[in-house]
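Please keep the sequence and the structure in view while reading.

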Amino acid sequence: MVMKRSNPGLPPSFPLRTRNTAGLSLQELAGHVAGARLEGDDPELRIQGVAPPAVARASDLALLSDPRYLEGLQSSGAGALLVRAGLEKKLDDPRPRLVVPDPHAAMRRILERLHPEKPWPSGIHPGASVDPDVTMGAGISVGPGAVVEAGAVLGDRVRVGALAVVGAGVRVGDDVILHPQVTLYPGVVLGDRVVIHSGARIGVDGFGFVFEEGEHMRIPHVGGCVLEDDVEVGANVCIDRGSVGETRIGAGTKIDNLVHLGHNVRVGARSIFTAQVGVAGSTTLGSGVVAGGQAGIAGHVKVGDGARIAGQAGIIGDVAPGETLMGFPARPQREFLRGVASVYKVPDLLRKVRELEARLAALEGE
Amino acid sequence: MVMKRSNPGLPPSFPLRTRNTAGLSLQELAGHVAGARLEGDDPELRIQGVAPPAVARASDLALLSDPRYLEGLQSSGAGALLVRAGLEKKLDDPRPRLVVPDPHAAMRRILERLHPEKPWPSGIHPGASVDPDVTMGAGISVGPGAVVEAGAVLGDRVRVGALAVVGAGVRVGDDVILHPQVTLYPGVVLGDRVVIHSGARIGVDGFGFVFEEGEHMRIPHVGGCVLEDDVEVGANVCIDRGSVGETRIGAGTKIDNLVHLGHNVRVGARSIFTAQVGVAGSTTLGSGVVAGGQAGIAGHVKVGDGARIAGQAGIIGDVAPGETLMGFPARPQREFLRGVASVYKVPDLLRKVRELEARLAALEGE
Amino acid sequence: MVMKRSNPGLPPSFPLRTRNTAGLSLQELAGHVAGARLEGDDPELRIQGVAPPAVARASDLALLSDPRYLEGLQSSGAGALLVRAGLEKKLDDPRPRLVVPDPHAAMRRILERLHPEKPWPSGIHPGASVDPDVTMGAGISVGPGAVVEAGAVLGDRVRVGALAVVGAGVRVGDDVILHPQVTLYPGVVLGDRVVIHSGARIGVDGFGFVFEEGEHMRIPHVGGCVLEDDVEVGANVCIDRGSVGETRIGAGTKIDNLVHLGHNVRVGARSIFTAQVGVAGSTTLGSGVVAGGQAGIAGHVKVGDGARIAGQAGIIGDVAPGETLMGFPARPQREFLRGVASVYKVPDLLRKVRELEARLAALEGE
C-alpha cells in the first residue's frame, strides 16, 4: 500500500545540491581549473561526475591524487581521469585526462559546476514560530517548526533549517545556513556565510560553578558568543558562551562534528578542529592552528599561531607558534615518538643491566 | 494546582515497552529459553520481572551471571533465580531457579515476554509536516512536529519520532525506528529494521576543505550515506556522507552514543562501536570489528575483520584481521601492556645504572 | 529590506538573564558578599557589570583573581576592582575596590544582582503538543513545538523549552529547566531544580546486545533513569536508562557537554564530570568525584568518594576514595608523571648502558 499526504508549501530544510544532468565537456571543465592541462583525443567527452576509480562510470572523471590509486585503474569504468601533475607519467592508460596541480582543488571547482546548489525558495513555513519582534533581511527562508525568538536580527538570504531555534536577541549575518535542529542560545552573534550543522548548540551556559555551603552553585553566564565570518560548525558541536567575557571563533575557522569549546575560549582565524576535539575554558588559540581528532586542550593555556596538535594529544601548558605536539602530556612530535619507541626497548634494557650487574660482581669478586 | 490540557490524538514519540502485569509462570518462561532447566518445587510461581539481586522483589527473577553476585543473594527479596549453569552448585538457597547456559541471552527472551512492546498506533500526527511528494508504506507513524521532505520513500511500519527530520529523497526500509529529534540529511538510505536514537545526525556534509587563496574552501559533498539492515545508531551520533563516493555501514553493525564516523568510511557487518569512538575519513573497517570507548582511528587506514581495538586506543596505521590493539600509537595489547609496565621500572633502572657506573669507575681506577 | 512577521504570544524558549541597567552602588554590592571589604573613596559609584580587566568599562568591576591579571590593569577602563584578598597589597592603583576572600563566589553573588533572571511567562505555547493525560503544576511554561506525552507529571514552575520532548510517563520535579531540543525518553524521573541543556538525551536505551545465531540481538532495556535534585546536564549529553536496574545520578552532580553515561551507571552526590567524559555501563561512582575532560571509565568498576581523575585518563579498575589518577591505564598521578618523565630519559640510558658494556668488556679483557 502506498499513500500520499498533502502539505503544500513545505520548503526543504536545507540546500540539497542538484546534478547537472547534461554534464560539461572535458574542455569546459579544464577552463574552470587554474593550471589544468587537457591530454588525450576527446576534448568534447561529456562528464557528469567525479568518482573514485573503483566505482567511476563512463560519464565520470576518476580522481587520481595518489600513486596507490593507480593499481585499481585498469578495471575502472571511468571515461576520463583527473590526475595530479607528475602522476600522469606513471600512467599507462589510453583515456583522456585532466592533469592538474592540486586534484582536490580541481575537484572542488568541477563539483561546483556538476552539482550546482539547489535553488532555495525563500519564505517562512506556516509551521514556524517567529516572534513579531524579529528583523529579517531579504530572501530569508525559515523551515517547518523553526523558532525565532524576540529581538533576533537575521541578514539577507539566511536559511533557518527545520526545527532550528534562534534565541532571543541573536544577530545573524548574511548568507548564513542553519541546518535542522540547531540551537542558538540567546544573544549569540554570527558573521556572514557562517554554516552550522544539525544539532550544534551555540552559546550554551558554560560549566562554571563555585563550591559554597557544601554545594556547587552556578555562576551566571552573561558573556557573549561570537562566530566570525565563514566559520563552519559540524553536527552536534557545543560552544559555550562567555562567563563575563566573550567566546569568539575567528573568521574562516572550521570545526568538525562533536567538538566542545568551553566558555571564554578564543580562536584565531582559519584554524581547524577535527572531530571530537575538546578545549576547556578560557584557553586562547591563535590563527591557523590545526587540532587532530579527539585532542584535548586544558583550560587557561595559550596555543600559538600555526601550532599543530596531533589526534588524541593532551595539551596541559602553553604551546609555541608552529610547534607540533603529540601524546599526553603532549611533547614535540619527534621527542614523543622517540620516547614511545624507547619504551619498548626497556624490557631488553632491564635484561642487559641485570647481566652487566652479574658480570661486574664477578669482576669485583676477583 | 493541577491543570490538564487537551490535545487528542497525540501518538507517543517512540515505542515504550509495557509490563505484562499477569506475568508468566517459571514453567512457561523455561519453555522460552533454549537449554533452560527448572529446579525447585514451585513451577507455577508467577514472575513479572528480572532484576539485580539487591532490588529484586518476590515477583522477580534475580539475575545471577557472575559469582560476585552470590554475596548479596541471601538478603535479596527475589522470588526465584536466573542462574548461569555451573553457578548453581555454589548456591545454598532454597528458591526455585532457572539454570541456563547464557543468562543474558535468557534475560533477553524473558524480558521480551514480560515487557512486550507497546502497540504502535499508525497515522500521521496533525502537527507533522509531510511533503505531498512522499511515498509511504503501510502502518507508518509520524510523530508531532516531524518533518518529511519531498521525494522521501518510507517502507512499511516505519516510525518517525517526534520532531525528527527526514530529508529530501531519503529512502527508508521496513520496520525502521527513528527516535525523536533525529536528522537524516537528504539522500540518506536506510535498510530494514534500522534503529536511530535521539539526536543522531546521518549523512552530514563531511569535513573536507581545500586551502585556496588563503582560505579553507569547502569541497561539495555529493556522495551517499547508506546504513544497511539491522544497523542501530546511538544518541547524538554523527555519520558523514561520502564526498564523491559513499559512506556505508554494514548490516547488523551497532553504534553507541556520541560516535563520529567521517566521510567515505566503510564498515563491514556486525561490527561494534562503543561510545565516543571516532573514525576519520576514508577508513575501511571489516566485519566483526570491536572498538572500545573513545578509541580513535585515523583516516585512510584499513582495519581487518575481527580486529579488537581497546578503549582510548589511537590507530594510525593498518590493522591486521583479528589483532587486538591498545594505546597510542596503538600496539598489540600484550606488547603495549609489557611496555607500560616497564615504564614504571625506569626510575629504578636509572638508579641502578648510576650505581653500576660508580662501581665500574672504581674498578677502572684500581 | 526589512520585513516583520507576526506570531503573538510566543514565549522565549529559555530564561535569558536581563541587565539591571540602573546598576548597584559599590556599597550595596559589598553588602551582598560575605567577608567583603570596600576600599577607596567612592562607595556610591554605580556598577553595572563584571568584566575581565582588558574589556572592562567605567561602569564595570574588573575581576582580579590571579596575579597575572595585574599586568593589564593599568590600561583597563574599569571603574572599580574586585580583588582577591592578599592581592590588593600588590596593587598600585587609585580605583576603589572590593576586597573579597573568593572572587568567583563574590562574582556569582554580584552577577545575580546585576543580571536578574528574566521573568518567565507561564503558559503553553499554541504550537506545543501536550497530551490530555498530563498532570501539570502551577506556573508551567511549555515552549513552541515542545511535545509532552501521555502520563507525564510536571511539577510547579517547570519550563519546557522549545521543541523539547518529554516522553510518556516521565516525572519532573519543581523548578526544572529543560532547554530547547532536549529529549527525555519515557519513564525518566527528574528531581527538583534539575537543569538540562539543549540536545541532551536522557534515558536512552542502553548499549546491550547478546550475540545469538550470528547476530547482535538487543536486550530490551526496561530499567529506570533518575536524576536527583539539583543535577545539571550539559548540551548534547547522553545518559542511558538501566537495563533491568536503574541509572541514577546523585543530587547536585554537575555534568558538562557531550558526556556519555552508560546503562546502570550510579553516581553519588556533588560529583563533577567535565566535557566529553565517558563512563561505561554498570560502573558506580561515589560522591564528590571529579573527572577531567575526555576521561574514560570502563564498565563494572567502582570509583570511591572524592576520587580525582585527570583529563584523558583511562580507568580500567577500581579506584580508592580520594585517589588522584592519570594516564592510560591510569596510575596515581605522581607515579604516572614520574613514569612519563623517565620515558624521555630512556634514549640516554640506552647510550649509557652501551658505553658501560664496552667499558666492562675492556676490563674483562684485561
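Buried area is the accessible area, taken with a 1.4 Å probe, that two parts lose on being put together, summed over both.

## Basis of the model

This is a predicted model, in which local features need pLDDT of at least 70 and side-chain atom pairs count only at pLDDT 80 or more, while totals for chains, interfaces and linings use all residues. Residues are numbered from 1 along each chain as its sequence is written, chains are lettered from A and ligands numbered from 1 in the order in which they are written, and side-chain values use heavy atoms, with hydrogens and water left out.

## Chain arrangement and interface

Chain B and chain A bury about 6,200 Å² between them, with 64% of it on carbon and sulfur atoms. Contact, meaning heavy atoms within 4.5 Å, involves 80 residues of chain B and 75 residues of chain A. Five salt bridges are found across this interface, a salt bridge being a side-chain nitrogen of Lys or Arg within 4 Å of a carboxyl oxygen of Asp or Glu. The largest share of the side of chain B that touches chain A, eight residues, comes from helix α4 (residues 346–365) of chain B.

## Salt bridges between chains

The side chains of B:E212 and A:R109 meet in a salt bridge at 3.5 Å, N to O, and a network of salt bridges links A:R108, A:R109, A:E112, B:E212 and B:E213.

B:R109 and C:E213 also meet through their side chains in a salt bridge (3.5 Å, N to O). This pair crosses from helix α2 of chain B to the loop between β22 (209–212) and β23 (215–218) of chain C. At 24% relative accessibility B:R109 counts as partly exposed, whereas C:E213, at 72%, counts as exposed; buried means under 20% relative accessible area, exposed over 50%, and partly exposed in between (1.4 Å probe, protein chains only).

## A salt bridge within chain A

The side chains of A:E88 and A:R37 meet in a salt bridge at 3.0 Å, N to O. The two residues are 51 residues apart, with A:E88 in the loop between β6 (80–84) and β7 (97–100) and A:R37 in strand β2 (residues 37–39) of chain A; helices (H or I, at least four residues) and strands (E, at least two) are DSSP runs, numbered from the N terminus. A:E88 is buried, with a relative accessible area of 11%, while A:R37 is partly exposed at 40%.
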